[in-house]
Amino acid sequence: MCQRAIYPGTFDPVTYGHIDIIKRAQEIFSEVMVAVAHNPHKKPLFSVKERVDMLKKATADLKGIEIYDFDGLVVDFAHKHKAKVLIRGLRMLSDFEYEFQMALTNRKLADDVETIFLMPQESYSYLSAKLLKEAASLGADLSCFVPSYVEKAVKEKLGKSK
Ligand code: ADP
């Protein structure tokens with residue numbers, strides 16, 4: 001039986017949707033490695049260190065969760081850490097096509113690594129880090145979407161702090 005799963009993503013920044021998926025994964029696997037992709041082509045708002053630090057804070061009270069960063073193929077990261085499962089979150093049908101393509105591409109690259117999809121609580125199913133940043137740039141209250149220190153960091157980055 002596989003006890004270790006990897007939850008890869010950009011996490012720019014971590015939201016309550018990601019945290020919901022981490023908690024669900026934690027119920028199933030004894031060890032969940034959250035893997036923060038450098039993803040420079042996505043031009044993240046936060047540095048990889050900032051994204052890792054926010055995730056560490058968000059998961060500090062959870063057992064069996066480790067936060068890493070990685071560059072390159074996620075299947076290489078999985079092999080390096082002897083993990084056979086990738087976790088991805090599925091929010092809506094709109095996620096499906098991209099996630100399906102990615103899961104099958106990863107399977108083609110590494111047949112021994114399986115992708116498992118978890119769905120968040122409905123209230124987070126529309127929440128995305130991208131929309132969150134757009135809303136923040138317009139001065140929205142983010143308290144339903146992210147912990148307060150993440151809201152503060154987003155607003156500071158966007159020059160929206162009071
Ligand atoms: P990526 O750039 O890899 O898509 P993200 O940080 O946007 O990175 O997302 C990482 C994973 O978390 C993806 O599988 C995404 O579908 C999932 N995810 C993002 N937001 C949510 C949410 N609100 N609820 C559930 N899953 C989510």
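Leaving aside its neighbours within four places in sequence, which residues is M119 in contact with? In this predicted model, the residues concerned are D20, I21, R24 and L90. M119 itself sits in the loop that runs between β5 (114-118) and α5 (129-137). M119 counts as exposed because its relative accessible area is 56%, and exposed residues are those over 50%. V75 is 44 residues away from M119 in sequence, and the C-alpha atoms of the two are 22 Å apart in space.

**Helix α4**

L90, a contact of M119, is also in contact with D95, as is G89, when the neighbours of D95 within four places in sequence are left aside. D95 lies in helix α4. With a relative accessibility of 12%, D95 is classed as buried, since that term applies under 20%. F100 belongs to helix α4 as well, which spans residues 93-109. In contrast to the buried D95, F100 is partly exposed, at 43% relative accessibility. F100 contributes to a nonpolar surface patch of about 640 Å², together with M92, L93, F96, L104 and Y126.

**The ligand**

There are 17 residues around the ligand, and Y7, T10, K42, G89 and L127 come nearest. A backbone N or O atom of G89 is 2.7 Å from a ligand oxygen atom. For F11, a backbone N or O atom lies 2.8 Å from an oxygen atom of the ligand. Taken alone, the ligand exposes 550 Å², of which the protein buries 91%.

**Salt bridges**

Side chains of opposite charge can pair when their charged atoms come close. The model has 11 salt bridges, including those in the table.

| Salt bridge | Closest N and O atoms |
|---|---|
| E50 and K157 | 3.1 Å |
| E114 and R107 | 2.7 Å |
| K130 and E134 | 3.7 Å |

E50 is in helix α2 (residues 48-58) and K157 is in helix α6 (residues 148-157), so their pairing ties together parts that are 107 residues apart in sequence. E50 is partly exposed, with a relative accessible area of 29%, and K157 is partly exposed at 39%. By contrast, K130 and E134 both belong to helix α5, where they are 4 residues apart, about one turn of the helix. K130 is exposed, at 61% relative accessible area, whereas E134 is partly exposed at 40%. In the remaining pair of the table, E114 is partly exposed at 36%, and R107 is partly exposed at 39%.

Technical notes
Residues numbered from 1 in each chain as written. Predicted model: local features only at pLDDT ≥ 70, side-chain atom pairs only at ≥ 80, totals over all residues. Heavy atoms only, no water. Patch = residues over 30% accessible without salt bridge, like charges linked within 9 Å, V, L, I, M, F, W, Y side chains within 5 Å. Areas by Shrake-Rupley, 256 points an atom, 1.4 Å probe, with all protein chains shown as cover. Salt bridge = Lys/Arg side-chain N within 4 Å of Asp/Glu carboxyl O. Helix = DSSP H or I, 4+ residues; strand = E, 2+ residues; numbered from the N terminus. Buried < 20%, exposed > 50% of the residue type's maximum accessible area, 1.4 Å probe, protein only. Contact = heavy atoms within 4.5 Å. Near = heavy atom within 4 Å. Polar contact = N/O pair within 3.5 Å; in protein donor to acceptor, adjacent residues only side chain to side chain.
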